[in-house]
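Work through the exercises below with the sequence and the 3D view at hand. Each task is followed by a solution in steps.

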Amino acid sequence: MRKTISFTLLIAMIALLSVTFAGCRSKTEFEKMLESEYGFELAFEDDFDGDSVDYTKWRVGYTAGAGEDGALRRAGYYEDSADTIIVKDGTLTIRTLYKNGQYGEGWYTSWLETSVADSVKSEAPIKDREDYEGFEATYGYFEIRCIAPPCEGIWSAFWMMPDSPAMGAEEDEIPGGADGIEIDVMESPYYNRLLNRDTVLHVLHADGYANTKTERSPSNYVRNMYSEFHTYGVLWTEDEYVFYIDGKETWRTSHVVNGEVLGVSEVPEYLLVTVEVGGYNENGLPVPGKNPDGSAFWCGDPNANDKTKSYDFVIDYVRAYTAV
C-alpha cells in the first residue's frame, strides 16, 4: 500500500512540476539583449491561451459613431461576435467574412486595441469595463507573431497610436513626431499584387491625416506570410525606430521625410491588432474597393474574394517590453 501511495504522489508531483515549468518560458537571447542594453523587460503579454479574449487587456470591435452605422469603418462592419473573434488552441483569430449581419449585408470583421483613453477612436465595446486595464508605453520593444489573411482588398495590421490629439485630429497643430505618430509595424495589403504579394512595409505617419508626413521602409519579402507564422517587431528608443521581421533587422530610422528629421514619439502609445476592409462608406453604406472619386481602391476590391469563404488573421501572441 505504501508503495502504491508513494508512486501516486510521485506521479502527481511530476504532473505539477510539468505544469509549473510549462508556464515558465526561458528568455531568448533577444530578450536578454533588450534587458541588458535598454533595461526593457516584459510588460505586456497575451498568448491567447484561454477560451475567450482577455477583456482586462483588450477593447474589441470598433464604433466610429452612434446610430445604426456606428460599427462602419472604411467599407467593413466591425463587431465583437463569435463570427469574427475566435480564441482557440492558443491563438486569436480575427475572421473576416461576408454575411447579412446585424448592420446589413457586407464584410464583417473586428479588431483589438489597448487604448486607455475615452476618445472617439477608442469607443470600442468593452466587457467588464471596471476591470479593463489596457496598455500604453513610451519606448520599448513591441512584437506580434501572426499569419496574414490571404485575400484581396482586406489586410491585417499590427500598429501603435497615441491617445494624444496628434493623429486623431485632421491636422496636427504641433509639427514633428514628438507628440505622437502612427507606427505601422506590420501591414499585409499587397495580396492583389502577384509580383510583390509576400511583402511587408513598415510605415510612419506624423502630423495628422490632412497633411500627413509619411516615411516608408523598403519592401521586405516574407516567405509564406499567408500560411506560416512570422514575427514582426519594432524597437522604439529615444533616438530611433528599429524594425524586425523574424528577429532580423529590416529598417531603422529617426523618421525623415524630405530631408526633415521628425524625430521619435515621446508620448505613450497603445497597441492595435486590426483588419481593414478597403473602400469607403457613404450615407451609412459601405462601398468596397472604391475611393470617393470612383477610382479603384489601391489594394484591390474586397468583393473580388470568394464571398462564401472566410479569411483569417491568426495571432499566436502579442508582447511588449518596456523599461522597469
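**Exercise 1.** Name the residues that ring pairs link into a cluster.

Solution. The structure is a predicted model. In this model, ring pairs join Phe-30, Tyr-141, Tyr-244 and Tyr-321 into a cluster.

**Exercise 2.** State how many aromatic pairs there are, then classify the pair of Tyr-78 and Trp-111 as stacked, tilted or edge-to-face.

Solution.
1. The count is 23 aromatic pairs.
2. The ring centres of Tyr-78 and Trp-111 are 5.8 Å apart, and the planes stand at 55°.
3. Planes under 30 degrees apart count as stacked and planes over 60 as edge-to-face, so the rest are tilted. With its planes at 55°, the pair of Tyr-78 and Trp-111 is therefore tilted.
4. Tyr-78 belongs to strand 4 (residues 76–78) and Trp-111 to strand 8 (residues 111–113), so the pair ties together parts 33 residues apart in sequence.
5. Both Tyr-78 and Trp-111 are buried.

**Exercise 3.** Describe the aromatic pair of Phe-142 and Trp-236, and decide whether each residue is buried or exposed.

Solution.
1. Phe-142 and Trp-236 form a tilted pair, with 6.1 Å from centre to centre and 40° between the planes.
2. Phe-142 is in strand 10 and Trp-236 in strand 17 (residues 230–236); the pair links distant parts of the chain, 94 residues apart.
3. Buried means under 20% relative accessible area. Phe-142 has 0%, so Phe-142 is buried. Trp-236 also has 0%, so Trp-236 is buried.

**Exercise 4.** Lys-213 forms salt bridges with Asp-207 and Glu-260. Give the distances and the exposure of each residue.

Solution.
1. For Asp-207 and Lys-213, the closest N and O atoms are 3.3 Å apart.
2. For Glu-260 and Lys-213, the closest N and O atoms are 3.4 Å apart.
3. Glu-260 lies in strand 21 (residues 260–261) and Lys-213 in strand 15 (residues 213–216), so this pair ties together parts 47 residues apart in sequence.
4. Asp-207 is buried at 5% relative accessible area. Lys-213, at 23%, is partly exposed, and Glu-260, at 36%, is partly exposed.

**Exercise 5.** Which network of salt bridges includes Arg-319, and which ring does Arg-319 lie over?

Solution.
1. Glu-45, Asp-47 and Arg-319 are linked in a network of salt bridges.
2. Arg-319 lies over the face of Tyr-317, 3.6 Å from the ring centre.

Notes. Residues are numbered from 1 along each chain as its sequence is written. This is a predicted model: local features need pLDDT of at least 70, side-chain atom pairs count only at pLDDT 80 or more; totals for chains, interfaces and linings use all residues. Side-chain values use heavy atoms; hydrogens and water are left out. A salt bridge is a side-chain nitrogen of Lys or Arg within 4 Å of a carboxyl oxygen of Asp or Glu. Buried means under 20% relative accessible area, exposed over 50%, partly exposed in between (1.4 Å probe, protein chains only). Helices (H or I, at least four residues) and strands (E, at least two) are DSSP runs, numbered from the N terminus. Rings of Phe, Tyr and Trp (its six-membered ring) pair if their centres lie within 6.5 Å; planes under 30 degrees apart count as stacked, over 60 as edge-to-face and the rest as tilted. A charge sits over a ring if NZ of Lys or CZ of Arg is within 6 Å of the ring centre and within 35 degrees of the ring normal.
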